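Hello,

Here is the structure I promised to pass on to you. Please open it and keep it beside this email while you read.

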Amino acid sequence: MKKSIGINWIGLGTLVYQEIQRFVRVSVQTLVTPWISALLYVAVFGAIVGQGIADVKGVRYIDFVLPGILTMSVIGAAFAHSSSSLYIQRFIRHIEELLVAPLSHTEMILGYVIGAVARGVVVGLGVLGIAVFFGAAHLSDLFIFLLYMIAISAVFGLVGVLVGLWANSFEQLSALNTFVIMPLSFLGGVFNSVDMLPESFQTIAQWNPFFYFVDGVRYSMIGISEGSMMLGGIMTAALIAVLWVGTFVLFERGWHLRA
Amino acid sequence: MNTLEIKNLTKRYGDTVAVDDLSLSVKKGEFFGFLGKNGAGKSTTIHAITGIARFSEGTITVSGVDVVKDYRLARTKVGLSPQEFNVDMFKTPREILYFMGGYYGMSRAERLVRVDELLEQFGLTEYAEKEFRTLSGGYKRRVMLARALVHDPDLLILDEPTAGVDVELRHELWKYLEDLNKKGKTIVLTSHYLEEVELLCSRIAIINKGKLVALGDKSEFTSGGRKLEHTYLELTKEPKAV
């Protein structure tokens with residue numbers, strides 16, 4: 001008699017465990033490196049340069065800039081995780097272990113995204129730990145802080161899965177980070193208030209989702225928001241939904257996955 | 001019931017037909033040889049059975065389960081030992097088997113027992129904690145075989161299982177596969193070592209340019225004292241250019 005299989009929880013758990021093991025195994029590269037980068041950013045921009053900058057929006061510059069640096073670190077970690085994991089697994093055909101197993105595409109995507117969220121959150125918490133040494137570890141709303149860390153990691157975990165599927169070389173793998181993620185992060189108010197930008201850039205910032213990511217984290221940490229929290233929340237949720245559907249469709253078609 | 005049933009399988013890559021209207025079945029408990037030149041369509045057929053590739057037309061069932069309609073259940077019934085070492089090279093044999101068991105939904109307790117059992121059976125206990133990349137070709141091949149068996153599938157597919165393996169280990173693996181088959185495991189074997197196929201398989205199919213060109217008992221290929229190799233070369237030879 002045939003027996004149908006429901007959700008493969010053990011399979012999903014195993015994939016998540018593998019993804020977490022993957023970044024823990026090379027923690028100097030995956031965790032220590034972004035923490036050192038964040039430390040340098042906080043030390044140079046926040047503590048040293050910040051001494052010469054007047055308060056921004058009524059708070060010390062270091063307090064203002066820290067949520068941006070933290071967001072940038074979380075974005076980089078989540079994106080790097082899922083993009084490199086999937087790309088390398090495709091490259092060495094290790095992905096076939098998953099393709100021959102009774103895992104659905106939903107479970108596979110979830111596995112990569114949860115791995116990316118785990119790495120993003122660990123990196124984010126580490127940056128928060130660094131902030132303690134600079135007296136800049138404020139948490140105005142812990143729930144929103146965690147929600148934003150998870151949501152931002154999920155967005156870039158999904159973007160990473162898409163890039164990991166698409167890329168056919170290491171150069172392509174880094175292209176999105178170089179040409180899209182980094183510029184939009186810097187223009188999204190990581191180091192400055194939107195008010196400091198020229199008028200044309202201020203308009204662009206209103207359409208830049210990175211602005212809302214930074215703004216949401218900044219609100220959760222120091223209680224200051226430059227944009228609409230409601231719009232930011234809707235935009236983030238919509239991005240997750242659109243990216244999820246796009247990723248799922250590509251997995252279902254077997255694009256760059258199943259010959 | 002046949003363990004493997006392929007009906008009218010066709011796989012196209014654009015205008016290229018890799019597998020052309022292939023139909024064959026493998027009975028329960030059979031040791032089945034699946035032969036063909038490089039690019040003949042063997043791997044594509046194996047990929048279609050295991051879910052690594054999609055196919056354009058036809059149906060495939062494993063132990064009566066459709067590999068497309070009920071793909072999750074079907075995949076629990078197939079184990080694949082591929083030609084290439086498609087594993088995380090930094091994992092140990094124990095980890096590779098443990099993770100694979102997890103993907104197949106085996107509980108932790110089940111996996112712990114099964115992994116130890118397989119490590120023992122394949123003489124891998126001593127190497128269980130060494131990274132895969134540090135193992136010799138023969139031991140790597142054993143890990144691939146053990147991984148294919150971790151969930152105790154109905155059908156074991158071996159794609160060039162003794163490629164790059166020394167003579168001693170090859171004989172050891174043959175013995176192990178024979179024993180496994182005697183215990184009732186259905187095995188599909190592809191190999192370029194035709195003496196291996198002649199020794200192990202009871203029925204053989206030959207595929208050429210995506211089409212099935214011969215299917216029958218081993219005796220039909222080796223009648224009159226002929227070697228399987230001669231029959232194979234005749235069936236797959238290219239017409240001479242004029």
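**What I found**

Chain B of this predicted model has an average pLDDT of 93, and 98% of its residues score at least 70.

Now to the aromatic rings. Over all chains, the structure holds 16 aromatic pairs. One of them is formed by Tyr17(A) and Phe99(B): the ring centres are 5.6 Å apart and the planes are at 5 degrees, so this pair is stacked. Which parts of the structure does the pair join? Tyr17(A) sits in helix α1 (residues 9-25) of chain A and Phe99(B) in helix α3 of chain B, so the pair joins two chains. Tyr17(A) is partly exposed because its relative accessibility is 48%, while Phe99(B), at 2%, counts as buried.

Another pair to look up is Phe85(B) with Phe132(B). Here the centres are 5.8 Å apart and the planes are at 70 degrees, so the pair is edge-to-face. Phe85(B) belongs to the loop between β6 (78-81) and α3 of chain B, and Phe132(B) to the loop between α4 (108-121) and α5 (137-149) of chain B, so the pair ties together parts that are 47 residues apart in sequence. Is Phe132(B) buried or exposed? With a relative accessible area of 0%, Phe132(B) is buried; Phe85(B), at 25% relative accessibility, counts as partly exposed.

Charged side chains also lie over rings in chain B. Phe99(B), from the stacked pair, has Lys91(B) over its face, at 4.4 Å from the ring centre. Arg111(B) lies over the face of Tyr98(B), and the distance to that ring centre is 4.3 Å.

Finally, have a look at Met72(A), which you will find in helix α3 (residues 61-91) of chain A. Its relative accessible area is 12%, so Met72(A) is buried. What does Met72(A) contact, leaving aside its neighbours within four places in sequence? The residues in contact with it are Tyr41(A), Ser185(A), Phe186(A), Val190(A) and Phe191(A). Tyr41(A), Phe186(A) and Phe191(A) also belong to one aromatic cluster, together with Phe45(A). Gly124(A) is 52 residues away from Met72(A) along the chain, and their C-alpha atoms are separated by 9.2 Å.

Enjoy exploring it!

Best wishes

How values were computed: Residues numbered from 1 in each chain as written. Chains lettered and ligands numbered in written order. Predicted model: local features only at pLDDT ≥ 70, side-chain atom pairs only at ≥ 80, totals over all residues. Heavy atoms only, no water. pLDDT = per-residue confidence, 0-100. Helix = DSSP H or I, 4+ residues; strand = E, 2+ residues; numbered from the N terminus. Buried < 20%, exposed > 50% of the residue type's maximum accessible area, 1.4 Å probe, protein only. Contact = heavy atoms within 4.5 Å. Phe/Tyr/Trp six-rings, centres within 6.5 Å; stacked < 30°, edge-to-face > 60°. Lys NZ or Arg CZ within 6 Å of the ring centre and 35° of its normal.
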